[in-house]
Amino acid sequence: MSVRFSVCLAVGGAIALALTGCAPDASSPTSPSASSVTPNDSSSGPENPGASPEAVLVSAALTVDGSEAIATGYVSGVLEDGGGCVFSFTPESSGEPFSATSVGMADASTTVCPGVTVSADSFSSGSWKVTLEYTPTAGESLVSEPLTLEIP
């Protein structure tokens, strides 16, 4: 037997021995018991226990090139798919108010309101108040604190 073959055999044997520690023991269960499983079922209700529901407007800003405004947010204390997210844009002086919508999506601990993108041409110059209103699949609507969006 050559030295090269012996080294390969020894290395292969060491890898096989190391990998046996990765295999589950036949006497231990391969899945957790039913009592230790916590399902992440967003259909069981919109509210997380102990959390006070709150709509949070994370940002309202122009893109770097100034061609679009983007608004994003989430809802704490609510974990569900399908609620309505309405981002409202209201001018502080001149211009017509308008809104853009998205559909809420459950993530690990909140409901995310996917961001909306609006052409900067939709705005007149000046300050705009932006809010997020979330309407859950069941329960009362939640409205965020406003953010100010400055349009040059």
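Which residue is the bridge partner of C85 in strand 4? The partner is S102. Keep in mind that this is a predicted model.

**Strands 3 and 4**
- Six bridges join strand 3 to strand 4, which spans residues 98–103, and the two run in the antiparallel sense.
- Six residues lie between the strands of this hairpin, where G95 adopts a positive phi near 115°.

**The nonpolar core**
- The largest nonpolar core contains 22 residues, and F87, F89, F123 and L149 have the most contacts inside it.
- Two or more residues of this core come from each of strand 1 (54–62), strand 2 (68–76), strand 3 (84–91), strand 6 (111–119), strand 7 (126–135) and strand 9 (147–151).
- Strand 7 makes the biggest contribution to this core, giving four residues.
- In general, nonpolar side chains of soluble globular proteins tend to be buried together.
- Leaving aside residues up to four places away in sequence, F89 touches A71, P97, F98, S99, A100, V116, V118, F123, W128, K129, V130 and L149.

- T63 sits in the loop between strand 1 and strand 2.
- Is T63 buried or exposed? T63 counts as buried because its relative accessibility is 18%, and the cut-off for buried is under 20%.
- Beyond residues up to four places away in sequence, T63 touches E68 and I70.
- From T63 to S119 the C-alpha to C-alpha distance is 10.0 Å, with 56 residues separating them in sequence.

Conventions. Residues numbered from 1 in each chain as written. Predicted model: local features only at pLDDT ≥ 70, side-chain atom pairs only at ≥ 80, totals over all residues. Heavy atoms only, no water. Core = buried A, V, L, I, M, F, W, Y, C linked by side-chain atoms within 4.5 Å. Buried < 20%, exposed > 50% of the residue type's maximum accessible area, 1.4 Å probe, protein only. Contact = heavy atoms within 4.5 Å. Pairing = 2+ DSSP bridges.
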